[in-house]
Amino acid sequence: MNSIKENLEQIKTSLAEDVTLVAVSKTKPVAEIMEAYNAGHRDFGENKIQEMTEKWEQMPKDIRWHMIGHVQRNKVKYMAPFVSLIQAVDSLKLLKEIEKQAKKNNRVIECLLQVYIAKEDTKFGLEAEEISAIFESEEYKNFKSVRIVGLMGMATFTENENQIAKEFQFIKSFYDQLKNKYGLQELSIGMSSDYQVALNHGSTMVRIGSAIFGERNYD
Ligand SMILES: *Cc1c(COP(=O)(O)O)cnc(C)c1O
């Protein structure tokens, strides 16, 4: 089995210079995340606010923490002091809470809107019309401490590469429509099993966990 450092290096060789690799460290202990840190890695993704906050407390402060999971509004306050990018925003109500907490911390917090692209109803996300409505809302236009910098999507969990490619193509075309109008810079698509497909469809940010840290245990 390869070390975490070797896995990181191997994945990075397939990424263009301007693609960000978010190492998804959920469920993994600090010691293992430090191996990636010591290999020079700084972007880490977690899907639970409490777990991310505990790791933030224990780890070097130059890490950029990405919240990639579904966010409950009442927990935004715990990550507002330090979170780098909230990747899975799925409502204007949530943006409003992020705006409030960012302001309290004298920060501007960057976010991605999660687009619903999968053929599974277990996944969260917004439809295209809902996203346009958020960008065009007076409320969002008046926000000063929260900024939407891109889109995030998760493809269907399937072996069918055509299906995955279709879903990534959909989000990529939608991203291209919005990009100049709203100044977007990030398209976060691609995980361990499908990041090569995502890179072929304009991904600027991949979120990779098991291919770096190994399989996760959930018991
Ligand atoms: C866990 C997770 C990932 C990483 O999954 P792997 O298959 O381990 O690469 C990426 N994105 C989200 C939103 C996740 O929850």
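## Ligand contacts and a helix pair

A polar side-chain atom of R216 is 2.7 Å from an oxygen atom of the ligand, a polar contact being a pair of N or O atoms within 3.5 Å. The model is predicted, with local features needing pLDDT of at least 70 and side-chain atom pairs counting only at pLDDT 80 or more, whereas totals for chains, interfaces and linings use all residues. Residues are numbered from 1 along each chain as its sequence is written, and side-chain values use heavy atoms, leaving out hydrogens and water.

- A nitrogen atom of the ligand lies 2.9 Å from an N or O atom in the R207 side chain, while a polar backbone atom of G209 is 2.8 Å from an oxygen atom of the ligand.
- Of the 390 Å² that the ligand exposes when taken alone, the protein buries 91% (Shrake-Rupley method, 1.4 Å probe).
- The residues surrounding the ligand, with a heavy atom within 4 Å of it, include V24, K26, I68, M152 and M154.

**Helices α6 and α8**

- The axes of α6 (residues 128-136) and α8 (residues 161-182) come within 12 Å and cross at roughly 5°, the axes being lines fitted to C-alpha atoms over the stretch in contact.
- That crossing makes α6 roughly parallel to α8, a term for angles under 35 degrees.
- A128, I131, S132, F135 and E136 of α6 meet F174, L178, K181 and Y182 of α8, where contact means heavy atoms within 4.5 Å.

Methods
Axes fitted to C-alpha atoms, helices over the stretch in contact; angles between N-to-C directions. Helix = DSSP H or I, 4+ residues; strand = E, 2+ residues; numbered from the N terminus. Parallel < 35°, antiparallel > 145°, perpendicular 65-115°, else oblique. Polar contact = N/O pair within 3.5 Å; in protein donor to acceptor, adjacent residues only side chain to side chain.
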